[in-house]
Structure formats: C-alpha cells, structure tokens
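I set out to record, entry by entry, what I looked up in this structure.

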Amino acid sequence: MSIGIKVKKGLDLHLEGAIGDTGAVTFKPTPTVAITPDDFVGLVPKMEVREGDAVLAGQPLFHDKVHENIKIVSPAAGTVKAVERGERRKILRVVVEPAEDFSASVTIETEGVLSSPEKARDMLLRSGLWAMMTQRPYATIPDPDAEIRDIFVSGFDSAPLAAAPGLQRNDYATLEAGVKLLQLITKGKVYVSRRQADNIPDIKGAEMVNAAGPHPSGNPGTIIAAVKPVNKGETVICLDLPTLLRIGATALTGKTQGTTIVALTGSELKQPKIASTLIGAEMKALLSGDIKEDNRHHRIISGNVLTGIATPIDGYLHLPYRQVTVIPEGDDVDEFMGWASLSPAKMSMSPSFPGHFLRRKLFRPDARLQGGRRAMIMSGEYDKVMPLDILPEYLIKAILARDIDRMEQLGIYEVAPEDFALAEYADTSKLELQKIVREGLDYLRKELE
Amino acid sequence: MKALKKLLDKARPTFEPGGKLHAFRSVFDGFDTFLFTPRETSRSGVHIHDSMDSKRTMIIVIAALLPCLLFGMYNTGYQHWLATGASEFPFWSLMLYGFLAVLPRIVVSYVVGLGIEFTVAQWRREEIQEGFLVTGILIPMICPIETPLWMIAVATAFSVIFVKEVFGGTGYNIFNVALVTRAFLFFAYPAKMSGDSVFVAHNPILGLGDKVADGFTGATPLGQIATSGAASHTQLLSSMTTIANEPVTTWDMFLGLIPGSFGETSTLCILIGALMLLATGIASWRIILSVFAGGAVMALVANIFATPTYPASFLSVGDQLCLGGFAFAAVFMAPDPVTSCRTNAGKYIYGFLTGVIAILIRTYNNGYPEGAMLAVLLMNALAPLIDYCVVEANVRRRMRRSRA
C-alpha cells in the first residue's frame, strides 16, 4: 500500500556546492562535542551532570524541567568539560570531551520495546531519541502525555544541497524495527515518505508515501497536509530517516547512536563531501581544511540554507546533525545599483533576471538580504512556493496581531516555521517569516497551555 | 564606483545621530541604498534571499509606463498642433512640446510627494521607501494636460498624507494614491478636470506651438458621446470627431491620437506596458485579464440593450475598451498589489467587477464620462470584503474537516 503525492507549488534552488561522487565516507574526529538545549524547541533544561563528571555514551546530560523523563544524552563517552551559561544562567550548551574510546555506552533496557507501548515510549524518552522528534501542533519536541494520532517520517531531504539518504542493505531491518516500535506509540499509522530516485523499498509496517516534485516535497509538513492535515486538538509526530534508523538500532542493540552522517556542502567548500562524525561535533574539526582560502567572509550554516542555524567557526553542529552549508557572507561586497542588475549570476524567481531562464545554471548566492525590509507589498508571492492549503499572508498577519482565534482558524496548528522557509526566500519585502511563525507558535503554546 | 562608495562612507558620520546633518539621515540612507545594495545580511530564518526587491519592482513598473509617457508627449504636441490648425506635424517639435508641457507636472508631483515621504520617513526614523516612485509618474499621466500645477501639488499632498502616510506608509494605503489624487482634483475642481478644453494644451511653450483660438473646444470622444444625444450607432460614430473635425476611427482610439488625459490615450502603448508587467510577473494577470473580461461583458450587455437615453451604449465592445482611461486603469491601476485583492480567487472577482463598474458608470451616467477611476476606487474599498469571503471559505473548509 502506498499513497502518491505530487507537489506543484515549490522551488528547487540550484546552488553550487552539491555533493558529487560520494565515494568513501571518512570519520572526522572532534576534540569536543556540544549539545545545545535551544535545539530542542520547548525543552527547559535541568542538568543531571556537573563539570568534570565522567559520562558514558547514552548517559543523560540534562532533562526537561516539566517532563523529567525527557532526557538528552551524551553522544560520546568522556568528561563533561563545561556547562556554558549565558544571561540569567541560561544553559547555552553542554560540552563533552570524548575519551579515547568514546563509544563506551550505557545499556538501555530494550526488553519488550517492540511489543509494549509503555516500554517503547520509555525507551525513546530515556535514550534521548524522543527529543530528536518534533510534534505538530507548535513544532516542538513531542509532549510525552499527548495521544499521538499518526507518525510521519520524512524519508528524504528535499532542501537545497541536501544529500540522498544513502541507506545500506542491512539498514532496512533496522528501519523495520524502528517502524514497529513507533507503531506501538500511535493509534494511527506510521507514514514514511520516499522519492523515486532513492529506490527505497516498502518498509514493513509503514504506510509508504511516494512524493514527487520540488522542495518542500520532503518536508513533513507537506506530507501531513497532503495525507491527513492536523486538526485542532490532534497531535502528530514528525521525524527524519536518520532518527528512525537510530530508533531501530537502539531497539535492537540497547546502545544509543553517537555518530551521525553529515553532508558538507556549499559553494565555499573546496570539495563538498559526506563525512561521519560525532553528534554535536566542532565545526572547526568538521570543516578543517575544507573551506576555500579566499580571504572572503564565510557563513557557516549548520543545516541547509533555508532552515539552518548560522554558526561561527568555533561553534558546533546543531540538530538535526545531518548537513553543513558554507556560503559567502556577502557583507564585504559593494554592489553598485544591484536592484538594476542584469547579471546572470543573480538568483531569482523573477523573470526580470536573466538567471531565471538559465535552468541548468548553479548559483552562488551570499547571505545578503538583497534589498530593504518593507511592509507586505506584493501579493501571492508566498502561495507560489507553499503547497499547503493555508493562506500564508493572512496567517502571518494574524500572528503579528497575536489574534489567537484567527490563527487557529487559519491553520496555525498545521504549520512549522520551516514550511515558510521558501516563502521567506521569495519575499521581496524580506520579512522574517520563520521567526514570525516561531514567535506565533510559542505565544499560542504559552497562552493555551 | 569605489570612489563613490568611499565618498558615501566618508559622508556617513555626518548623517548619523549626533552628526551635523542627522535630520537628513533617511534621505542619505535612501540614496545610499539606491546606489549600493545594502550589505545587511540575514540574521534569522533563511540565509539566502531572492534577488528581487521592492526597488526593482517599482522600477519595472516605471519602465512599463515609459511607452505611454513617450506617446503622451507626442500626442500632447500633436493635439496642440491640430488645435492651432497646423497642417505640418514635425515629429521632434511635437515631442519637445509634449515633453516641456509634462515636465513641470512630473517635477511638481515628485517634489511634493517625495518631499512628504522624506519628511515622514525621517520623522518615523525609517528608511525611505520607494512606493511614490510609481505614484509620482502616474499622477501627471492621468491628469488632463491643462491641470494647473498648484492643483497637482495640493491634490498630491492631500493624497499622500491622507491616503498613505496616516495609514502607515508604503504597503498600508487603503486606496490607490494616484487615483485619489485624480479623484480629489475631479471633485474639488470639476471645471478644470473635465469639459471641452482641458485635454488639449492651449499655449505655446518656449516658442514652440502657437496660441489656440479663444472658444476652442477639444472634448474627448467620451465627452462628445455623452452630450451627443445619438440614437443609433451611425449617429454615435458621426458625433465623435477629432480636433480637425474628422471622424474618430477605432484605429485612432487604439493608437491613441485623440484628446484625453496625458498618458492614457494609447491602448497600444498600454498593451506594451502590460506585456512588460506580465512577462516579469509584477502585475497579476488574473486582475488584468478579468478587468478586460468584465468590461467586455458589460459593454456587450449595454450594446445589446442600447438606448438613445444613454448614447454611449451604442459603442461597440472594442471601442469601449479602447476609449478613455479603461485600458490604463486595467493595466496600471487595478493590479496595484496593495489596494487590490490579495487572494487568487478574490483577484478574479475584483478584476471582473472593476471592469463591469467602469463601463456601467461610463455608459449609464452621462455626468461622468469616465468610469474607470471611480470603478477602481470603489473596488479598492470592496477588495478587503472580497478577500474576507475567500478567507472565510478557507476557514470553513478547515472547520468542516476538523468536525468530520
């Protein structure tokens, strides 16, 4: 059984710096790893370890203040080097220095996790994997007390420069175990999306969703909207394929997975490639010797160009730990009358730029806004790249007005900030749509919970 | 260019708070961002942005207006030469005459409008926005050439302040600013905005042209129809004459060699502009198409039930769409994204009704030979209501799904 989805409204950005011939994946060691509590939206961290403590891989570093059973675990065995705090003692990150044998791991109780819903849920919470999933509504980490209507696994990443899943033959049994476990915690189905190019076979127990079309065809929000939209009062869980693999592996072995496969991409890398490293690795270690030495300012993004987090070179890899993109920053460029430019190097959806017609051209955009912030002037721009049955302009206005009733009516429970990423890219008024949606979701959660 | 950038960077501290000229900071920023793309990079959300910005959007609209503007210059000269009874029409003299006739109007419109915008931007400590660039060129194009300069200044000031700035500036105006300027003139100074003699320039400029005889009349075809009392299509056609007393053909109306407001007479040039706007995706094809569709349907209905009480009902569909400001309003006024409908379904309804009402007013109200302006303004007021209905349909769909 499978469902077919064809995404029409969307956009594939053709950027320089895609991964070409993958070849062998090398492991990049890192002197320290860091877990950033802010990556887990909705979680208020409470420390379980102190600086100097020895930890094993899979040992909790901190948990959520409200739901104490939501644990965030150390990706590696070693010593807690620092608990970095910011204003009002907010925990910025927990830094762990991996030991020589960083894979030494605690054993997680796996007996019955593939048959008992409670044990399955406990395993996810205890192993830190729960917090690597998100829920709709609110786009936060899932509420452990909520009844889960369905679970959506995005089987591929359609974002710019993202790598293909790259599954091995023996991964499928692991995925099946993951699906079996997830099936226990929902009353509905476990949906797994896939695209034709990846040749992923049916996964036992899962409802396969065949998605086609440009980005955001890989986003869970797109799949949910097409399969079964989220109504008020319902909760669904979203996760990506690497997380499903980790869930399966932990269920089968009792060990947490501290390593991750990262696609190193972007126009400012000498050779884009796939690397393996520890979760939360240092950017410096991950990108050592890979960034072009051209004396220009670079923007290092943990994630993709649409939804990633700008990270300084001395920063760390952020959730979802699967991509790094390096692009020019652009704050060292003086462009004379850029708004009048007819240069084919300019990337745009507008036919007024010659580059629009160069279908095969790869672009090398920088991080500039390419214009000034304005009020919402043009209409219909967001709709062109949003495949959801949502009226984005009206939802954004309702959020800005903090009008809860209107937000609900216009479908705020169905969206996550990432669903607005392409619209934010396309917006000629350069509004910060993802930030607006994030603030709206946080406001709603605070008011209603 | 580097030298220019250096100069700007050197001048910047003077305009920063504490500097001697900090009262002009918005103006300085405006010029700086006009000359050099801002270096500001994204701080949240997406890391790359589309190269399209509102400056380019506005400039493309101005470029699309250029054919009409150039033709308007020629036609202004041409009508003046006709009115003076000339038999030769030297091209460059006509162009120069038209240019000199319209230049002061463009200057007044920009100086007044931008002056207010700069002041308000500085007062609000905001960057100068480019919305008035288009409005400023539209205003002289939709007014009769004989409109006194001081009237343009007063109307522009009224419109920019009370339609745009009090609501928050560019992107917040509830009515089309240029059209309100014209409506203000139309209702405040009706004698100067309609009638027989305002659409043709009367006086020589810098030695070009000649003085037009006293008592000269040069009514627009629509004005002639309204007072013709024609009882059939044939009578109607004979009632429309050019200034040289020759019958007006559909071809004349399409090319635009007839008296009328400065930039709106040539349907051909308007269509060239429309092509530019549609090819670049700036204007909504949904609106433009449905305005013409609405106008055609209404013109057809009027023509089927033609009656001597309303002579304009004898006009054919083609003539209706070519005459007066209809085409200009359909292409440059109705699709204004800020004041038109924002939902796709709403755009069809908005456009269609604009077309219908424009022809309706023109045909069945002899007092207002031009209905396009009023139609667009009326629909500007109704656009939020149409959008509301479309949004409610989306909401109801969601509620039904939620209950199911």
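**Entry 1: salt bridges**

I counted salt bridges over all chains and found 47 in the structure; the rule asks for a side-chain nitrogen of Lys or Arg within 4 Å of a carboxyl oxygen of Asp or Glu. The model is predicted, so I note that local features need pLDDT of at least 70 and side-chain atom pairs count only at pLDDT 80 or more, whereas totals for chains, interfaces and linings use all residues. Residues are numbered from 1 along each chain as its sequence is written, chains are lettered from A and ligands numbered from 1 in the order in which they are written, and side-chain values use heavy atoms, with hydrogens and water left out.

I then looked up one pair within chain A: A:R149 and A:E234 form a salt bridge at 2.6 Å, N to O. A:R149 belongs to strand β11 (residues 148-154) of chain A, and A:E234 to the loop between α3 (220-227) and β14 (235-240) of chain A, so this pair ties together parts 85 residues apart in sequence. Helices (H or I, at least four residues) and strands (E, at least two) are DSSP runs, numbered from the N terminus.

**Entry 2: sheets of chain A**

I took two strands as paired if DSSP finds at least two bridges between them. Strands of a sheet pair through backbone hydrogen bonds, either parallel or antiparallel.

I traced an open sheet of four strands in chain A, with the order β3-β9-β8-β5 and antiparallel pairing. Its edges are β3 (33-35) and β5 (54-55) of chain A; each has a single partner strand, so one side of each is left without a neighbour in the sheet. Two bridges join β5(A) to the antiparallel strand β8 (residues 78-85) of chain A, and A:V55 stands opposite A:G78 there.

I also traced an open sheet of six strands in chain A, ordered β2-β16-β15-β19-β17-β18, with mixed pairing. Within it, strands β15 (residues 259-265) and β16 (residues 273-278) of chain A run antiparallel and share six bridges; A:T260 is opposite A:T277 in β16(A).

I looked up the partners of strand β13 (residues 207-212) of chain A and found that strand β1 (residues 2-6) of chain A runs parallel to it, with five bridges. A:G4 has A:N210 as its bridge partner in β13(A). Strand β12 (residues 190-194) of chain A is also parallel to β13(A), joined by four bridges, and A:S193 stands opposite A:V209.

**Entry 3: domains**

I noted three domains in chain A: domain 1 (31-106), domain 2 (109-255) and domain 3 (382-448). These bounds come from an automatic or database domain assignment. The centres of domain 1 and domain 3 of chain A, taken over C-alpha atoms, are 32 Å apart.

**Entry 4: chain A against chain B**

I found 74 residues of chain A in contact (heavy atoms within 4.5 Å) with 56 residues of chain B. The buried area is about 5800 Å², with 52% from carbon and sulfur atoms; it is the accessible area (1.4 Å probe) that two parts lose on being put together, summed over both. In chain A, A:W339, A:R374 and A:I377 lose the most area to chain B, together 15% of what that side buries.

The rule finds nine salt bridges across this interface. I looked up A:R374 again: A:R374 forms a salt bridge with B:E127, the closest N and O atoms being 3.4 Å apart.
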